[in-house]
Amino acid sequence: MREIVELAELWAPGADHGFVAAGEADIEWLEVVTERPLPPAYLRFLTTMGGGTGPVRIDDVDTTIASIVSRYDLVPWTPPPRYVCFGIDTDAMAPMSFYLDRDRMAGDDSAVVRFPFPEEDDIDASQVVTVSKSLLDFLVWAAFTSMRCEMLAASRLVVPPAPVRQGDARLAQVRRVA
């Protein structure tokens with residue numbers, strides 16, 4: 001997860017990014033309850049920011065180890081060992097939590113998928129939606145949308161438009177409106 005930390009530093013130099021590592025006991029417990037070793041990329045995520053992702057936010061999703069442990073403790077349905085829940089969807093209207101698919105590895109990383117909470121024990125394969133080919137790609141997207149996009153939108157408000165050539169008057173008007 002060094003890449004995510006570097007992106008945060010690039011986009012907000014010197015800031016206290018608030019990344020908090022997950023506790024070792026919680027990580028060990030998660031490996032036991034999910035019945036298989038966790039993907040190495042997810043272990044790096046947990047030991048870097050599993051207790052808090054700082055500025056890297058995913059709307060309506062909680063990726064903290066405390067929430068994941070609570071989910072496995074409190075919910076009677078457990079996903080098949082193929083899947084590891086890593087993001088709890090907090091949208092009450094249409095919850096589709098995020099899972100790592102350990103049967104679809106890309107090196108030491110795994111695909112990110114979503115599916116609705118099943119009404120029975122079996123997951124309907126037609127409802128499994130691939131979100132990203134890897135956790136790292138997913139987190140780079142999250143970092144960009146939660147950190148960089150906000151900066152880009154704000155910069156439009158404070159950066160004056162480029163000098164206008166005579167033929168670009170219409171373009172200048174469009175820029176001012178946007």
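Helices (H or I, at least four residues) and strands (E, at least two) are DSSP runs here, numbered from the N terminus. With that convention, the order of elements from the N terminus on is α-β-α-α-β-β-α-β-β-β-β-α-α, amounting to 6 helices and 7 strands.

A word on provenance. The model is predicted, so to speak of local features we need pLDDT of at least 70, and side-chain atom pairs count only at pLDDT 80 or more, whereas totals for chains, interfaces and linings use all residues. Residues are numbered from 1 along each chain as its sequence is written, and side-chain values use heavy atoms, with hydrogens and water left out.

Of the 178 residues, 36% count as buried, meaning under 20% relative accessible area with a 1.4 Å probe, protein chains only.

Let us turn to the sheet. Two strands pair if DSSP finds at least two bridges between them. On that basis, 5 strands form an open sheet with antiparallel pairing, in the order β3-β4-β5-β6-β7. Its edge strands, β3 (61-62) and β7 (129-132), each pair on one side only. Between the antiparallel strands β4 (residues 83-89) and β5 (residues 98-106) there are 4 bridges; Y83 has D101 in β5 as its bridge partner.

Which strands does helix α3 touch as it packs on the sheet? Helix α3 (residues 40-49) touches β4, β5 and β6 (109-114), where contact means heavy atoms within 4.5 Å. Helix α4 (residues 65-74) also packs on the sheet, touching β3, β4 and β5.

Terms used: Buried means under 20% relative accessible area, exposed over 50%, partly exposed in between (1.4 Å probe, protein chains only). Axes are lines fitted to C-alpha atoms, for helices over the stretch in contact, and angles run from 0 to 180 degrees between N-to-C directions.
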